[in-house]
Structure formats: C-alpha cells, structure tokens
Amino acid sequence: MVFEPPKRLVRALGETAPDGDDWLEKLPEAAQQAVALRELTVERVQVPGGRSSLVVLVRTADGTPAVLKLAPGRARPEAERAALTHWGGRGAVQLLEPFRTEGVLLLERLHPDVSVRSLPEAKALLEAAGTLRRLWVEPPAGFPFETVAERTGRQAEAMRARARVDAEVAPLVDVALAAREELLAAPPEHRLLHGTFRQSKVLAGERMPWLAVGPDPVVGECAFDLARLVRDRVEDLIAQPSGAATTRRRVKRLAESLDVDQERLRSWTLFRAVESGVRAGRVGRPRDAELLLEFAGWL
C-alpha cells in the first residue's frame, strides 16, 4: 500500500515548517517499515486525519483493531507516548505495544469518526469536561514534559514579534501577555495536562464511552487545559447575537463543574485565544485569526 499523506496534514506541516523538512518525504517508507515490523494488516489511512500526524487504521497479527500513528519530532510524539503510558488508559487511549520506535505509536482503536462534537452542545461540553478531569493527575517524577511557563514563554515571544509589525493585534497581545505574567506568578497546582484538549479530541470507545486522544502534554494548572475547551465551536459562538454572553456563561459553568477558579480560566482562555489568533494570522489563515481575536475581545 502507498501511504499518501492527507492534504490536511501536508498543509498543516507546511505552516509549522515553512522551509520544509524531509519527514514527509520519508513518511511512506517509514510507514511501510512500521507496518512490517509489527506484522499489521492495513485497512486505510484516516482522512482528513490530523494536522500533525499520519493516522492509519490497522489490525494486529491476532486481528485486534488498532491505530498506527506516525508523527514528526516537532509534534512531540515521545511526550505523547510518555503521557499515555502514565495515564495507563484512564481517560485516554491506550498504547498497545511495549517496545518503542521513535515517532511511531500503536494505539487501541476507538471510533475515529465519532467524537463528542456529534452530541448536542451542552451534552458535549459535559462529557468532554468529565473526560478531561480524569487526565489531571500528578506528573511522573522527573517528568519529560514542558511546563505551561515554558510553552507559553515560546508563544509569548512569537506574539510580541507579531505585535511589533501588526498594530491591530498589539493591544490584545499586551492584555494577553499581562494576564500570562499574573497567572504564572502563583499557579494553584501542577498537574499533567492534555495540552490541546477540545471536543474533537474525545472519541467514542468500547471499554469506556469517551476517551481522549492526541495529547500534546504539558505540566501546569488545570485552568490552562480547560481554556481551549471554552472556545470550542467558536464559529457558532461568533455567529450568535448572544455569543459574548454565551461565552461568559460557558466559562462560569465549566469553572464550577471542574472546581477551577473562574477568573483564572477566563484569563487563560483569553491568552490562548489571542495566541492562536496571532499564529493563524502569521501562517496565512486570516479568517481563523479574525474569529479568534473577536472571541478574545469578549473576554
């Protein structure tokens, strides 16, 4: 089988490595090797798939449905492996193999086309939040993960650089960076976090109704993790005349349901929305940038 990377993956990797690299060029051969090593039977490449990895639906030698995932180093697949190992299937997809090949993960098969986004909005938020709560555990000793301070520090530098050449975004960037400094001064806890959690990252499973996939793990306070969920379905929020009020109610409801400080959740939601909006503008997605920065302005 020829492992053709989906267009969505090619486009997204072009955004994160505009000068290119050789990972995509080597991907078909790497996928063939991973399949042969594990004696897998390939069913199909998942399309449209993710923005940072090739996902292949396979069966193991004994017929067990599984997922083979290949990701470049900049997507931090080894951090994902470490987090999934630490969670051990509690709230998240399970690893199926004990041996390690860099950049390759063999995972239990969930239902790839059924996420909590298929549920009505209120129910989807409830189920997603319940899944996220199970992931917030103490990190392992000597953990190999970035901290929230480290990750947002890199993001803050990129935001400042963009603000210097784009006067329109500069005021929101200033507010977001000030919020970050205040938040990092006294974090209430340090937990292992999913890092990129949203409704599409929660898929239907067999051993549990819903399980998280695709973490970009980070260690920090829970409000940081929950912040990305607040803006889920942002297009629908922006289209509503009451979008701003709905967003504020969502912050309150999620904070109360997961015992997170409401003001800290609001501030991290602001920072993460501005960071995503600035990044979208930088890589040539002006519509996404407009939606995210309008959303941030509500906070």
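A residue is called buried when its relative accessible area is under 20%, exposed when it is over 50%, and partly exposed in between (1.4 Å probe, protein chains only). The model is predicted, so local features need pLDDT of at least 70 and side-chain atom pairs count only at pLDDT 80 or more, while totals for chains, interfaces and linings use all residues. Residues are numbered from 1 along each chain as its sequence is written, and side-chain values use heavy atoms, with hydrogens and water left out.

Both Phe224 and Trp268 are buried. Rings of Phe, Tyr and Trp (its six-membered ring) pair if their centres lie within 6.5 Å; planes under 30 degrees apart count as stacked, over 60 as edge-to-face and the rest as tilted. By this rule there are four aromatic pairs. Phe143 and Phe145 form a stacked pair, 6.4 Å centre to centre with 15° between the planes. Phe224 and Trp268 form an edge-to-face pair, 5.1 Å centre to centre with 90° between the planes. Phe224 lies in helix α7 (residues 222-230) and Trp268 in helix α10 (residues 262-282), so this pair ties together parts 44 residues apart in sequence. Helices (H or I, at least four residues) and strands (E, at least two) are DSSP runs, numbered from the N terminus.

Elsewhere, Glu108 is in strand β4 (residues 104-108). Glu108 is buried, with a relative accessible area of 13%. Its side chain and that of Arg207 are joined by a polar contact of 2.7 Å; such a contact is a pair of N or O atoms within 3.5 Å, and within protein one must be able to donate a hydrogen and the other to accept it, with residues adjacent in sequence counting only if both atoms are side-chain atoms.
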